[in-house]
Amino acid sequence: MTDEIKVPKGLANVVVDRTSIATTGASGNLLYRGYRAVDLADRKSFEEVAYLIVYGNLPSGDELVAFRARLNENMKLDERTIKVMDILKEKDIMRNLRSIVSLIPYRNGDINETFIQMEAKLPLISAYSAHAAYGKPMKNMEGEFFAEKFFSMIADPHKKKYWKSLEKLMILYMEHEFNASTFALRVAASTLTDPVSAVTAALATLKGPLHGGANSEVLSYLSGIRDEKDAAKFVEDKLSKKEKIMGFGHRVYKKKDPRAQYVKEELRRIAPDDPKFRAAEYVENYMFEKKGIPANVDLFAAVLMDFLGIDEVFNLPVFACSRIFGWNAHYSEQVSDNKLIRPAAEYSGPEERDL
Ligand code: CMC
């Protein structure tokens, strides 16, 4: 037996490997390949940031055109995929995403091509899932840009002028170093399994309410909060029952989640009087005053998507459709300098005994 190293539960603060893709940085800012994610959200398109994350540098004009074209030409579903979704009628869109993505073939062992397939198809699978399960009309895909196309399929057409707000949110959701779903993907990749299987593991992990699933649980409580008093009562009630409030707290951001603050300001710009936005701020203020726990990105992301007329069933799929570009980069990084991820455990079962 080699020497054992004991680490804290949940691997909190344990550095398990190196990455050049993103960091939450000494400054508390989230950096993608060195650039502040909030600056990228302000000034770059979703495709430019996706390219940066996957390939390590911002694209030239020609590279961007080619990357966009590759995504666009794969933004379609084949008959078999549609048929399976029609049969499944799975109401939980994330379960559907996880199942349907796992059917995408691993093309000729080509990692890049396989990721493009998954990245391009995820928005369509999300939109079609809701159509198959809830009979929602399948809206036509419109526009030129990735986020714009996704917006046209899932958001309120009357809010079309705000599609770039969705794009900004998707940029901020794109990557977050060794978060749980990315780590699950890296564990899978470290066995040298194929990218489709690794993404399936990541989707399954993202779905949990302590990770991506939080953004689907925020609106239900915000709709009952009209003023500061309601907010205080809600927080007190949850804390007294020792229940977690979704959209608050973070393993890494203990004082401030820069993504949450960015999306909050975006909402202040486009929807200052939205009742759920006000409710979110009331809860944020009380929670910080009472427990010192900051809002995370999911609190304001849920409000933004609600304002854009995006049905709550799509909240988590939006996260997945962005984060897959981060997973792409991490898959390549893991396999390019691989060591099987296989920790040890402290055994707490019965002593060895005779049968
Ligand atoms: N509501 C109430 N109390 C909380 C919350 C919360 N949302 N988050 C943390 N706390 C308390 C927790 O009860 C604990 O208190 P005590 O020390 O008195 O026992 C203390 O803060 C530390 O919490 P922890 O759960 O040990 O911290 P962690 O770093 O393991 O957990 C977390 C981080 C995200 C799992 C947790 O904050 C949480 O469950 N939040 C709610 C779920 C959520 O919003 N998730 C989205 C995260 S952002 C999107 C993403 O990147 O995935």
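Let's start at the ligand: one of its oxygen atoms is 2.8 Å from a polar backbone atom of Gly247. That is a polar contact, meaning a pair of N or O atoms within 3.5 Å; within protein, one atom must be able to donate a hydrogen and the other to accept it, and residues adjacent in sequence count only if both atoms are side-chain atoms. Taken alone, the ligand exposes 930 Å², and the protein buries 70% of that. Accessible areas here come from the Shrake-Rupley method with a 1.4 Å probe, and for residues only the protein chains shown count as cover.

A word on the model before I go on. It is predicted: local features need pLDDT of at least 70, side-chain atom pairs count only at pLDDT 80 or more, and totals for chains, interfaces and linings use all residues. Residues are numbered from 1 along each chain as its sequence is written, and side-chain values use heavy atoms, with hydrogens and water left out.

Back to the ligand. A nitrogen atom of the ligand is 2.7 Å from a polar backbone atom of Ile245. Arg251 uses its side chain: a polar atom there lies 3.0 Å from a ligand oxygen. Which residues come nearest to the ligand? Of the 21 around it, they are His211, Ile245, Gly247, Phe248 and Asn296. A residue counts as near if one of its heavy atoms lies within 4 Å of the molecule or strand in question.

Where does the ligand sit? In the largest pocket. On a 1 Å grid over the protein atoms alone, a pocket is an open set of points with protein on both sides within 12 Å along at least five of seven lines; a cavity is a set where a 1.4 Å probe fits but cannot get out, and lining residues have an atom within 4 Å of a point. To sit in one, a molecule needs more than half of its atoms within 2 Å of the grid points.

Now to helix H2, residues 46–55. Helices (H or I, at least four residues) and strands (E, at least two) are DSSP runs, numbered from the N terminus. H2 is mostly covered, with 9 of its 10 residues buried. Buried means under 20% relative accessible area, exposed means over 50%, and partly exposed is in between, using a 1.4 Å probe and protein chains only. Among the buried ones are Phe46, Ala50, Ile53 and Val54.

Take Glu48 in H2. Is Glu48 buried or exposed? Its relative accessible area is 17%, so Glu48 is buried. Beyond its neighbours within four places in sequence, Glu48 is in contact with Leu58, Pro59 and Leu64. Contact means heavy atoms within 4.5 Å. Just after H2, Gly56 takes a positive phi of about 95°.

Next, helix H16, where we find Phe325. Phe325 has a relative accessible area of 0%, so it is buried. What does Phe325 touch, leaving aside neighbours within four places in sequence? Its contacts include Phe46, Ala50, Ile53 and Val54. Others among them are Phe67, Leu71, Glu119, Phe146 and Met174. Ala188 is 137 residues from Phe325 in sequence and 16 Å away in space, C-alpha to C-alpha.

On to the loops. Ile310 is in the one between helix H15 (297–307) and helix H16 (315–336). At 3% relative accessible area, Ile310 is buried. Outside four places in sequence, Ile310 is in contact with Ile154, Ala155, Leu166, Met305 and Asn315. Tyr253 is 57 residues from Ile310 in sequence, and their C-alpha atoms are 27 Å apart.

Ile225 has its place between helix H11 (219–222) and helix H12 (228–240). Its relative accessibility is 6%, so Ile225 counts as buried. Not counting residues up to four places away, Ile225 touches Asp230, Ala231, Phe234, Ala279, Tyr282 and Val283. Ile225 and Lys276 are 51 residues apart in sequence, yet 7.9 Å apart C-alpha to C-alpha.

Asn108 lies in the loop between helix H5 (93–101) and helix H6 (111–134). Asn108 is exposed, at 80% relative accessible area. Its C-alpha is 30 Å from that of Ser45, 63 residues away along the chain.

Last, backbone angles. Most residues other than glycine have a negative phi. Asn13 has a positive one, near 65°. Asn13 is in the segment before strand E1 (22–23), and it is exposed, at 77% relative accessible area. Glu177 also has a positive phi, about 35°. Glu177 is in the loop between helix H8 (163–173) and helix H9 (180–190).
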